[in-house]
Amino acid sequence: MDGVFEALDTVTLLTAIGEPTHAWPAVSVLPRAAQRKQKRSQDERENPLKTLEHLGTDRRHAQDSRGGRIQSSSAMPKSKRNRAVTLSKTKKKPGLERKGKVVTEIKDAIERHSSAYVFTYNNMRNQKLKDLRDQLKSSSRIFLAGKKVMQIALGRSPADEAKTGLHKLSKYLQGNTGLLFTNLPRDDVERLFREFEGLDFARTGSIATETVELKEGPLEQFSHEMEPFIRKQGLPVRLNKGVVELIADHVVCEEGKPLSPEAAHTLRLLGVQMATFRLYLVCRWSSDDFEVYKEGLAQLTAGEADESS
């Protein structure tokens, strides 16, 4: 519109001074955008090759309307995965460092203790084991690590064993086993393992040690808020005047059969503990003796059979 006002002002001025109309200068009354478009059309007619080159340049430098970035149509974007990695700066795997530390600690325990035992366990519970570690902290050291790591630390043959006869322990490091290094007398260690046990709630897949059956009637040990959760465990229950009631007899588990997830949850709610954390000595090493315990070896063999099945 600026061009139109400028043209009108010029006409008014020429008329006022009495200039003849045929002497008026050629003034465009088109808007500036229209003038640019008209000039571009004229350039296209006069030099079509230059116009094609201009269009090609515009396409290669077209602006992306979504991100406002200039992209080239002839080149693909660089892949973020294609990055140079300097191998000299690659860090070692933390697992290797941890295993090396365990081997060093086992070798140190061999030097500081007079005897070593291989033991197996049933129904491992971390808190119970922690209590045993604290009890033996002053005289012993317990290791539960990878079997191959412990075998390497002890030695797998007479040629690489840390001390004479230690490689015999490696043979029994199979399945659920660990190492005990101690300065306690043999009788004290055997009595400790024989008397040690810890009761806990059984987990899914454990074998039920007894049959648990609930009779029809109110379950007063449960609040009314627990009724939906109890029903999800498969128990036929309902709310009767705010009291959880079993509307039919229900067998939670049967002796000798594996526990389902629902049965394990129900036993925990009922406060029934069926899992016993036990430790069994498998073999013993000292500088002048090596002994195998039949009970522990039987437990180890039974455990390996259960894992294979």
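Axes in this tour are lines fitted to C-alpha atoms, for helices over the stretch in contact, and angles run from 0 to 180 degrees between N-to-C directions. The structure is a predicted model, in which local features need pLDDT of at least 70 and side-chain atom pairs count only at pLDDT 80 or more, while totals for chains, interfaces and linings use all residues. Residues are numbered from 1 along each chain as its sequence is written, and side-chain values use heavy atoms, with hydrogens and water left out.

**The whole protein**

Begin with the entire protein in a cartoon view. The protein has eleven helices and eleven strands; these are DSSP runs numbered from the N terminus (helices: H or I, at least four residues; strands: E, at least two). Of its 309 residues, 30% are buried, where buried means under 20% relative accessible area, exposed means over 50%, and partly exposed lies in between (1.4 Å probe, protein chains only). Contact here means heavy atoms within 4.5 Å. Among contacts between residues at least 6 apart in sequence, 71% join residues at least 24 apart.

**First stop: helices α4 and α6**

Select residues 94–112, which form α4, and residues 147–154, which form α6; their axes come within 9 Å and cross at roughly 45°. The two helices are therefore oblique to each other, because angles under 35 degrees count as roughly parallel, over 145 as roughly antiparallel, 65 to 115 as roughly perpendicular and the rest as oblique. The crossing of α4 with α6 is right-handed, a term used if the near helix is turned clockwise from the far one by less than a right angle, with anticlockwise giving left-handed.

Display the side chains next. On the α4 side, Lys99, Val102, Val103, Ile106, Lys107 and Ile110 meet Val149, Met150, Ile152, Ala153 and Leu154 of α6. By class, this contact has nine nonpolar, no polar and two charged residues. In this classification Ala, Val, Leu, Ile, Met, Phe, Trp, Tyr, Cys and Pro are nonpolar, Asp, Glu, Lys and Arg are charged, and the others, Gly among them, are polar.

Keep α6 selected. Its buried residues are Val149, Met150, Gln151, Ala153 and Leu154. They pack against α4, β2 (140–143), α7 (167–170) and β3 (177–182). After α6 comes Gly155, with a positive phi near 105°.

Move to the loop between α7 and β3, where Asn176 lies. Asn176 counts as partly exposed, at 32% relative accessibility. Select Gln299 as well: Asn176 and Gln299 are 123 residues apart in sequence, and their C-alpha atoms are 9.9 Å apart in space.

Then select Leu300, in helix α11 (residues 294–308). Is Leu300 buried or exposed? Leu300 counts as buried, with 6% relative accessibility. Leaving aside neighbours within four places in sequence, Leu300 is in contact with Thr120, Tyr172, Gln174, Thr177 and Val282. Tyr280 is 20 residues from Leu300 along the chain, with 8.7 Å between their C-alpha atoms.

Most residues other than glycine have a negative phi. Select Asn123, in the loop between β1 (115–122) and α5 (126–135). Asn123 is not a glycine, although its phi is positive, about 55°. At 31% relative accessibility, Asn123 counts as partly exposed.

Lys241 is found in the loop between β7 and β8 (243–246). Lys241 also is not a glycine and has a positive phi of about 55°. With a relative accessible area of 83%, Lys241 is exposed.

Select Gln233, in the loop between α9 (227–232) and β7 (237–240). Gln233 counts as buried, at 10% relative accessibility. Which backbone atom lies 3.3 Å from a polar atom of the Gln233 side chain? The backbone oxygen of Phe229 does. Apart from neighbours within four places in sequence, Gln233 is in contact with Glu262, His265 and Thr266.

Finish with Thr266, in helix α10 (residues 261–270). Thr266 is buried, with a relative accessible area of 4%. Again leaving aside neighbours within four places in sequence, Thr266 is in contact with Gln233, Leu235 and Val252.

Methods: Polar contact = N/O pair within 3.5 Å; in protein donor to acceptor, adjacent residues only side chain to side chain.
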